[in-house]
Every structure is written in structure tokens, then in C-alpha cells.
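Dear colleague,

I am handing over the structure below, and I would be grateful if you could read the notes that follow with it open beside you.

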Amino acid sequence: MTDNDKFAIAARLYVQLRRKSNRAIDTVWMVQSNEYAREVLRIARAQSDNDLQQLANHFEALMGPAAAPSASASAPVSASKYVGSLR
Amino acid sequence: MILCLNKNRTVMSAAAAMSFFATAAAADTPQLATAAFDQISAGDTAWMLTATALVLLMTIPGLALFYAGMVRKKNVLSTALQSFFVCALVTVLWVVIGYSLAFTPGSPLLGGFDRLFMHGLIYDKAASQVSVHYLASTVPESVFAMFQLTFAIITPALITGAFAERIRFSALVLFMVFWSLLVYAPVAHWVWEPGGWLASMGALDFAGGTVVHINAGAAGLVCAFVLGRREGYGREAFVPYNLGFTLVGASLLWVGWFGFNAGSAAAADGRAGMAMLVTQVAAATAALTWMAVEHFMRKRATLLGACSGAVAGLVAITPASGFVDVEGALAIGVIAGICCYWGATGLKRALGADDSLDVFGIHGVGGLVGALLTGVLARPAIGGVEGDVLVQAIGAFGTLVYSGAMTWLILRILDWVVGLRVSSEQEYDGLDASQHGEQLAS
């Protein structure tokens with residue numbers, strides 16, 4: 001699992017997020033910063049889009065367990081959940 | 001003589017259908033009357049007084065909290081105020097003319113003026129006489145009129161969720177006046193007054209699935225289209241101020257709904273008990289269904305989903321509550337949970353309207369589901385009638401079209417006369433500050 005693999009998935013996330021929610025992300029920074037990557041994954045998962053969900057899962061797998069968030073998994077809710085929809 | 005006609009026991013007949021444009025002056029038309037005190041049931045009256053208070057509790061503070069919790073902080077007070085204001089406004093309209101238009105004999109399309117300013121409603125202690133309405137002959141008419149008033153209040157109050165966060169208060173005031181008189185009163189007459197054209201056809205609506213929820217849902221959708229989207233809709237996150245308020249509001253709605261549905265039996269009897277039971281079952285089933293669907297689709301069950309599911313089940317069981325058994329309630333709960341989830345997500349995206357708090361997605365879709373399923377699941381042993389899906393569909397879609405068309409007309413006229421939307425700057429500042437000069441502490 002190289003950074004190239006992560007970059008390839010990040011690029012696909014870029015395209016999908018741009019299409020689905022008109023959001024632009026920094027793919028290079030996503031590969032370098034786990035914190036930024038986790039935030040992008042939260043946004044992707046909030047879109048209720050199967051492709052985005054799968055890409056997010058794939059990228060998270062590439063990040064490995066060391067990069068996983070703390071055990072409580074109490075990540076703050078992404079505000080993007082409420083873009084264009086309440087429920 | 002007191003005629004005892006339950007509003008839901010009218011059965012379609014060819015003769016009734018043919019007499020669509022006949023007035024209610026026929027000899028067998030029920031008439032408003034008086035009764036001696038000893039003909040009034042203390043038990044029925046006590047229950048109807050209680051039910052009336054429960055239904056009023058649904059709007060203030062139930063709906064006010066339910067909606068206020070879902071809007072942004074800068075619009076919480078204005079959103080809550082809208083429900084409170086509608087309560088006061090519709091009360092006055094109801095006693096002046098609304099009740100008479102809805103619940104007195106007239107034509108199949110509209111009632112008469114027999115109760116203008118409640119003229120003719122009497123309580124004469126010396127003569128031991130009290131007015132009674134033929135739809136609830138064992139309780140004083142004052143109680144019946146007050147019970148129906150609470151329905152007339154919550155229906156337009158529901159619509160406020162569709163145009164939340166962007167309507168001018170002056171436009172809202174005028175809209176509510178015209179909508180109550182030109183849409184709610186006629187539709188209530190069509191469905192609930194025995195001479196109304198839908199009642200004559202045998203359309204079943206025990207507690208207001210058509211009159212309240214389809215009516216408000218259709219109006220809400222048209223409001224969302226005509227007023228347009230909020231500034232930043234689809235680009236910015238509209239984070240709800242406090243979903244804890246929404247949970248409290250939904251809980252008040254759930255409890256108050258026992259008055260709504262069981263109270264619609266107009267008596268403290270076994271049918272009211274069945275209505276209460278199926279109401280609880282449908283609400284619980286729909287809440288669980290919505291949460292399950294949400295978990296399946298998004299890997300999470302949410303508080304807002306649970307509240308929305310419960311309300312969806314309550315909406316859908318409303319027309320059916322005096323006609324179905326527990327199995328029917330379970331089926332309605334499951335179907336309403338799935339359909340209303342779709343209504344508030346997939347259908348909402350497809351329609352493209354900014355129905356802020358999903359009035360159509362939940363009340364419109366839930367009302368349609370309930371109305372149609374009443375035609376399928378009605379048990380003669382409970383309500384005394386068979387359901388007819390075709391008649392139910394005519395009632396549901398007829399109301400949908402009328403409500404939508406009249407709402408569009410009222411809004412277009414008001415837009416021309418006073419303007420519907422606040423300015424972009426006022427919307428950015430929030431309606432609390434721009435419309436009412438108030439705000440929550442930061």
C-alpha cells in the first residue's frame with residue numbers, strides 16, 4: 001500500500017465529491033494528512049452515495065489501523081449532513 | 001329531534017352521488033338542534049373536553065417546539081411564534097365564520113351561515129336546553145365546535161414548516177386568513193359534513209388524514225415552490241438549532257394525537273379505545289421502520305429519524321384510526337415509515353423544492369398512504385363500513401389538487417399585493433431579528 005494507491009482513491013473521491021456536492025478537496029494533502037483525510041471521509045459518507053461510501057471505505061482501509069480515529073469514534077457530526085436536506 | 005349521524009358512517013349511494021349539486025335543503029338533511037340537559041352524556045362530554053385540550057396541545061407547544069428545533073438559531077423564535085399566532089388567528093376566524101362554513105348544512109361544496117358569529121349556539125340553564133350538533137349528539141355543540149377548532153388551528157400551522165425561514169410576517173398573516181376560509185373550511189365541509197360531496201360518496205376520513213394532512217401537505221409543497229429556495233440552499237449547511245426541542249415537540253404531538261384520533265369518535269366508547277390503540281401501534285411501528293431504513297441506508301439511526309417516523313405513522317393512521325384493527329395499524333406503520341422516509345429524502349430531491357421542514361414529505365405522503373390504505377384495510381366490524389380504494393383516491397387527490405391550486409392562487413395574489421419573501425439581507429439576519437426584533441442569547 002503506497003501513497004500512489006491512496007492518491008488514486010483520493011482522486012476518485014475528488015471527482016465524486018465535486019459531482020455530488022460541488023465540493024473540492026486537496027488530494028495531495030489528503031494523502032499526507034490523516035486528520036484532513038478523516039474529515040474528507042466524513043463528508044463523503046454524509047452524501048448517502050454508494051460510490052462515495054465505497055471509496056471512503058477503501059481509502060480508510062489504505063490508511064491502516066494506526067491512522068484510525070480514537071476508539072470512542074466520537075467524531076463530530078459533519079455539517080455537510082444538512083446541506084440541501086434536513087433528514 | 002336529534003339526528004345522530006357519525007361523520008364516518010355515511011355510505012356511498014348512487015343517489016347521493018347524482019345529487020352532487022343539490023343543496024342540503026332536502027327533508028332528510030340533518031339540522032342543528034337543541035337538546036335537554038339530560039340527553040347530554042357526561043362521560044362523552046368529559047372525554048371530548050379532554051381530547052380538545054390534547055389536540056390544542058399538539059399545536060402549542062407541540063408543533064411550535066417540533067418546528068423551532070429544526071430551524072437555524074436565527075429563526076427559532078419566529079418559527080415558534082408562527083404556530084402560536086395561527087392558534088390565535090384561526091380561533092377568531094372560526095367563531096366568526098369558519099365553523100359555520102365547515103359544519104352547517106349548505107351545499108355539497110360549502111356550509112351555510114347558520115352559525116355566523118356562533119349565532120344560534122345556546123346554553124340556556126333556565127330552560128335546561130343546550131345546542132347539539134348532529135355529528136356529536138351527546139355532547140354540547142360548544143364542545144364539538146371547540147374540538148373542531150383545534151383541527152382548524154393545527155392544519156394551517158403545519159404549513160408554516162414548508163416556508164420556514166423566509167416568509168414575511170405580514171404575508172403569513174394574510175395567507176392564513178384566506179387559506180383557512182377558502183381551503184380548510186370547504187375541505188372540512190366536503191369530507192366531514194354529511195352533505196359534503198366527498199362524505200356523500202362515502203370517503204372515509206376518521207380524524208383528518210385528508211382534511212388536515214393531505215390538505216396541509218399539498219399547500220406546503222406549493223408554498224415551497226412559489227416562495228423559492230432559501231438563500232444558500234444546497235450549498236450551505238442549515239444546522240438545526242436544537243433537536244432536543246424537536247423531540248419534546250414530537251412527544252407532545254404523539255400524546256396529543258390520542259385526542260386527535262380517539263377524540264374523533266365523539267364519544268367515550270369502544271371505538272375511541274380502538275382508535276387510541278391503533279394510533280399508538282402505528283406510531284411506534286413507523287418510528288422503528290424509519291430508524292431501520294435509516295440504519296440500512298446510512299448506517300445510523302437518528303433522533304430526528306425516530307421523531308419523523310413516529311409523526312409519519314401518526315399521520316398515516318389518522319384517517320384509518322376508527323376503521324382498522326391492530327394488524328392494519330402494523331401494516332400502515334411499516335408502509336408509512338418507508339414511504340415518508342422516501343418522501344423526505346428521495347422525493348424531496350426529485351421535486352427540487354425547498355420544503356424546509358418536509359411538510360409534504362411527511363404530512364402529504366403520509367396522508368396519501370393513510371387515505372388509500374384505509375380503503376384497503378377498513379374492517380366493517382369496527383367502523384361499520386367497507387373501504388373503497390377508488391373513493392378514497394378521489395377524496396385524497398381531489399383535496400390535493402384543490403388545496404394546491406387554491407394555495408397557488410392565494411400566494412400569487414399576496415405576492416402581488418404585499419410580497420411574500422423577506423429581502424436577502426433580512427433572510428441573512430434571520431426572521432427573529434428582521435421580522436420581530438427579538439433574538440436568542442448568543
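Two residues are taken to be in contact if their C-beta atoms, placed from the backbone, lie within 7 Å, and helices (H or I, at least four residues) and strands (E, at least two) are DSSP runs, numbered from the N terminus. This is a predicted model, in which local features need pLDDT of at least 70 and side-chain atom pairs count only at pLDDT 80 or more, while totals for chains, interfaces and linings use all residues. Residues are numbered from 1 along each chain as its sequence is written, and chains are lettered from A and ligands numbered from 1 in the order in which they are written.

With those terms in place, I begin with a pair of helices. In chain B, B:Ala171, B:Leu174, B:Phe175, B:Phe178, B:Trp179, B:Leu182, B:Val183, B:Val187 and B:Val191 of helix 5 meet B:Gly395, B:Thr399, B:Tyr402, B:Ser403, B:Met406, B:Thr407, B:Ile410, B:Leu411 and B:Leu414 of helix 15. By class, this contact has 14 nonpolar, four polar and no charged residues (Ala, Val, Leu, Ile, Met, Phe, Trp, Tyr, Cys and Pro count as nonpolar, Asp, Glu, Lys and Arg as charged, and the others, Gly among them, as polar). Helix 5 (residues 169-192) and helix 15 (residues 389-417) of chain B pack at an angle of about 155°, with their axes 10 Å apart, where axes are lines fitted to C-alpha atoms, for helices over the stretch in contact, and angles run from 0 to 180 degrees between N-to-C directions. That angle makes helix 5 of chain B roughly antiparallel to helix 15 of chain B (angles under 35 degrees count as roughly parallel, over 145 as roughly antiparallel, 65 to 115 as roughly perpendicular and the rest as oblique).

A second pair is helix 8 (residues 243-262) and helix 10 of chain B, which pack at an angle of about 15° with their axes 10 Å apart, and helix 8 of chain B is therefore roughly parallel to helix 10 of chain B. Among the residues that make this contact are B:Ala250 and B:Trp254 of helix 8 of chain B and B:Ala310 of helix 10 of chain B; by class, the residues of the contact divide into 13 nonpolar, two polar and no charged.

B:Ala310 itself counts as buried because it has 27 C-beta neighbours inside 10 Å (a residue is buried if 20 or more other C-beta atoms lie within 10 Å of its own, exposed if 12 or fewer, and partly exposed in between, with C-beta atoms placed from the backbone). Leaving aside residues up to four places away in sequence, B:Ala310 touches B:Ala250, B:Trp254, B:Ala283, B:Ala286 and B:Ala287.

In helix 9 of chain B lies B:Arg271, which counts as buried because it has 22 C-beta neighbours inside 10 Å.

As for chain B overall, there are 17 helices and three strands, and 58% of its 442 residues count as buried.
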